[in-house]
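Here is a friendly tour of a protein fold, written to be read with the model open beside you.

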Amino acid sequence: MPRKLSRQANAVVTGAGSGIGRAFAMELSRRNGRVVCADIALAAARQTASEIERGGGRSLALACDVSDPDQVSALADEAADFFGAESTLLINNAGVAVGGRIGEIPLTEWRWIMGVNLWGVIYGCETFVPRFRATGVGGIINVASMAGFVAAPEMGPYSVTKYGVVALSETLAEEMQGTDIRVTTLCPTFVKTNIVRNAHAGSDKLGLAQKLMDRTGMDPARVAAQTLDGLDRGQLYVIPQMDAKLLWRFKRLLPGGMTRGLGIIYRFSGPR
């Protein structure tokens, strides 16, 4: 029977100050885990950690810019000190968004989103995987997106990073075959978070995305619980919504048709 890595975990969650990251931290505490809440905004991380403590759990808030490998390494060390042992679960959740048409997006914005969404996940894996190998057990949840397998117009930088996260997760999962180190990739569509509101660069399609998120977005708590259950079952992919599952299957059956279909939607979805 697969080991339930989400139970009584020594867990590190990046981007734990809000959204899906905060939901992961709260759910892990409900599963009797100890949680290090890491966020570039320390005040937000402290709010999550305080709520866990008020509920009777154990938590530590730490500031961490995941685009800085030295800070990620320090995060792993401080987490081990807090737990009194190595971490058993890493959730690479911290993420940002950039919108705009390719050729019009400042390179500074490309570097920013690559640093957080892709390099942040790479640094997390490169830092924690050797520690998991040394102890012989561990779990990694990498938060990707539907944008990791379906590329939409005016979301190029975001899709590039999420495609990269999916590829990294698939590769790592294969490398971990035969071990007790498990890898799960979360690929949702719309979840009720602030990522679109905090996006950089211009695209009127971001306004449409925010409306869809507000109206149809899934509760982050449900996403977190389903993903942790998926990790416990040994799932490589967790695709929590039906629309995401349909897009996933359609892309694999008719990749050209998916691209053309999104192009048609893009052209008729409002002013540019």
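In which hand does helix 3 pass helix 4 in their crossing? The crossing is right-handed, and the section on helix packing returns to this pair.

## Before you start

This is a predicted model, in which local features need pLDDT of at least 70 and side-chain atom pairs count only at pLDDT 80 or more, while totals for chains, interfaces and linings use all residues. Residues are numbered from 1 along each chain as its sequence is written, and side-chain values use heavy atoms, with hydrogens and water left out.

Helices (H or I, at least four residues) and strands (E, at least two) are DSSP runs, numbered from the N terminus.

An open sheet of seven strands runs in the order 3-2-1-4-5-6-7, with parallel pairing; two strands pair if DSSP finds at least two bridges between them. Strand 3 and strand 7 (237-238) are the edge strands, each pairing on one side only. As background, strands of a sheet pair through backbone hydrogen bonds, either parallel or antiparallel.

Five of its six residues are buried, so strand 2 is largely enclosed by the rest of the structure. Buried means under 20% relative accessible area, exposed over 50%, and partly exposed in between (1.4 Å probe, protein chains only). Strand 2 pairs in the parallel sense with strand 1 (residues 10-14) over five bridges. The chain gets from strand 1 to strand 2 by way of helix 1 (residues 19-30), in a right-handed β-α-β crossover. Right-handed here means that, with the strands pointing away from the viewer, the path from the first strand over the helix to the second runs clockwise.

With strand 3 (residues 58-63), strand 2 pairs in the parallel sense over six bridges. Strand 2, helix 2 (residues 42-54) and strand 3 also make a right-handed β-α-β unit.

## The nonpolar cores

Which residues touch the most other members of the largest nonpolar core? They are Val-12, Val-36, Leu-75 and Leu-172, in a core of 47 residues. A nonpolar core is a set of buried Ala, Val, Leu, Ile, Met, Phe, Trp, Tyr and Cys residues joined through side-chain atoms within 4.5 Å. Among the elements that each supply at least two residues of this core are strand 2, helix 5 (156-175), strand 6 (180-186) and helix 8 (242-253). Helix 4 gives the most, with 10 residues. Apart from this core lies another, of 30 residues, among them Ala-25, Ala-45, Leu-228 and Leu-231.

Leaving aside neighbours within four places in sequence, Val-36 is in contact with residues including Val-12, Leu-60, Leu-75 and Phe-82. Contact means heavy atoms within 4.5 Å.

Helix 3 (69-83) and helix 4 (107-135) pack at an angle of about 35°, with their axes 9 Å apart. Axes are lines fitted to C-alpha atoms, for helices over the stretch in contact, and angles run from 0 to 180 degrees between N-to-C directions.

Helix 2 lies across strand 2 and strand 3, running at about 180° to strand 3. Helix 7 (residues 220-233) lies across strand 4 (89-92), strand 5 (137-143), strand 6 and strand 7, at about 145° to strand 6.

## Residues worth a click

Ser-169 sits in helix 5 and is buried, at 0% relative accessible area. The C-alpha atoms of Ser-169 and Leu-236 are separated by 8.1 Å, although the two are 67 residues apart along the chain. Gly-21, in helix 1, is buried at 0% relative accessibility. Not counting residues up to four places away in sequence, Gly-21 touches Val-13, Thr-14, Gly-15, Ala-16 and Asn-93.

Most residues other than glycine have a negative phi. Gln-8 has a positive phi of about 50°, and so does Glu-154, at about 65°. Is each of them buried or exposed? Gln-8, in the segment before strand 1, is exposed at 63% relative accessibility. Glu-154, in the loop between strand 5 and helix 5, is buried at 8%.

Technical notes: A crossing is left-handed if the near helix is turned anticlockwise from the far one by less than a right angle, and right-handed if clockwise.
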